[in-house]
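Please look at the sequence and the structure first.

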Amino acid sequence: MCTGKCASCIGVSLYPLALLCIVANLFLFFPNLEVEYVQHTNQLTPEILYLGGIIGGGVLVLFPAIHIHATGKRGCCANRCGMFLSILFAAMGVVGSGYCLITSAVGLVNGPTCQDATGNWTRPFSVNLEELELNDDGYLFHPEVWDWCKTPNKVVVFNVVLFALLIFFSSIELVLCLAQMINGLIGCICGTCRKRRAGPV
């Protein structure tokens, strides 16, 4: 596959991933699709407010996707200069997807903010390990303690699923952006085969 076609495939693949990251992050603001919690930011998991999916996996990947896709088409970007710029844009995508991956992983490991059995809004799975008898195993492998969160209802499942999806989507974005950095470097050296077909380099 020539560098131009490869860039086009990567760019097209990044569009839905960026959109899915944005949607997943937006859903996290509304546990169980209830709007009341977004009015009190202290009742939301802190990593949601970092906007990893919206800014990192979304916006910072969407802009590179547009340019990377353009380098795969005949036109002003389908040349060595365009390929060089695609490396810089892909690096932006690496930063964005990496940010989304890290914040989502932290949010997943530390668990959600919820109203626990004592009536307090805390992150019970990161502060009550001894009381929950989790030790260092973490709550993810002990679903029997998930009902420690009373409000919002089933917020643990909600957060686990959405943060896991963000990790999955951003991991793919990260791989694709790294692949484009390599592809862009090859394109800088060798040019794009689409450019050759259109005319002399």
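The report below goes through these topics in turn for a predicted model.

## Overall fold and surface

The protein in this predicted model has seven helices and two strands, and from the N terminus on its elements follow the order α-α-α-α-β-β-α-α-α. Among contacts between residues at least 6 apart in sequence, 75% join residues that are at least 24 apart.

Of the 201 residues of the protein, 46% count as buried. The accessible surface comes to about 9,900 Å², and carbon and sulfur atoms account for 68% of that surface.

## The nonpolar core

The largest nonpolar core contains 40 residues, and those with the most contacts inside it are Leu14, Phe125, Val156 and Leu166. The elements that supply two or more residues to this core are helix H1 (3-28), helix H3 (52-71), helix H4 (80-110) and helix H6 (155-190), and H6 gives the most, with twelve residues.

Val156 can be followed through its neighbours: leaving aside residues up to four places away in sequence, Val156 touches Pro112, Phe125, Tyr139, Trp146 and Cys149. One of these neighbours, Phe125, is itself among the residues with the most contacts inside the core, while another, Cys149, takes part in a disulfide.

## Cysteines: the disulfide and two others

A search of the whole structure finds one disulfide. Cys114 and Cys149 form this link, with their sulfur atoms 1.9 Å apart, and the angle of -65 degrees about the S-S bond makes the link of Cys114 and Cys149 left-handed. Cys114 lies in strand E1 (residues 114-115) and Cys149 in the loop between helix H5 (124-127) and H6, so the pair ties together parts that are 35 residues apart in sequence. Both Cys114 and Cys149 are buried.

Cys9 is partly exposed, with a relative accessible area of 42%, whereas Cys177, at 0% relative accessibility, counts as buried.

## Buried polar and charged side chains

Ser86, a residue of helix H4, has a relative accessible area of 0% and is therefore buried, the limit for that class being under 20%. The side chain of Ser86 is joined to the side chain of Gln180 by a polar contact of 2.9 Å.

How many salt bridges does a search of the whole structure find? The search finds one, in which the side chains of Arg123 and Glu47 meet at 2.8 Å, N to O. Arg123 lies in the loop between strand E2 (121-122) and H5, and Glu47 in helix H2, so this pair ties together parts that are 76 residues apart in sequence. Arg123 is buried, and Glu47 is buried as well.

## Backbone geometry to check

Most residues other than glycine have a negative phi, and most peptide bonds are trans. Against that background, the peptide bond from Thr151 to Pro152 is cis, with omega near -5 degrees, and Pro152 is placed in the loop between H5 and H6. Lys154 is found in the loop between H5 and H6 too, and the phi of Lys154 is near 55 degrees, a positive value in a residue other than glycine. Lys154 is exposed, with a relative accessible area of 58%.

Asn32 also has a positive phi, near 55 degrees, in a residue other than glycine. Asn32 lies in the loop between H1 and helix H2 (46-49) and, at 24% relative accessibility, counts as partly exposed.

Terms used. Residues are numbered from 1 along each chain as its sequence is written. This is a predicted model: local features need pLDDT of at least 70, side-chain atom pairs count only at pLDDT 80 or more; totals for chains, interfaces and linings use all residues. Side-chain values use heavy atoms; hydrogens and water are left out. A nonpolar core is a set of buried Ala, Val, Leu, Ile, Met, Phe, Trp, Tyr and Cys residues joined through side-chain atoms within 4.5 Å. Buried means under 20% relative accessible area, exposed over 50%, partly exposed in between (1.4 Å probe, protein chains only). Helices (H or I, at least four residues) and strands (E, at least two) are DSSP runs, numbered from the N terminus. Contact means heavy atoms within 4.5 Å. A disulfide is a pair of cysteine sulfur atoms within 2.5 Å. A polar contact is a pair of N or O atoms within 3.5 Å; within protein, one must be able to donate a hydrogen and the other to accept it, and residues adjacent in sequence count only if both atoms are side-chain atoms. A salt bridge is a side-chain nitrogen of Lys or Arg within 4 Å of a carboxyl oxygen of Asp or Glu. Accessible areas come from the Shrake-Rupley method with a 1.4 Å probe; for residues, only the protein chains shown count as cover.
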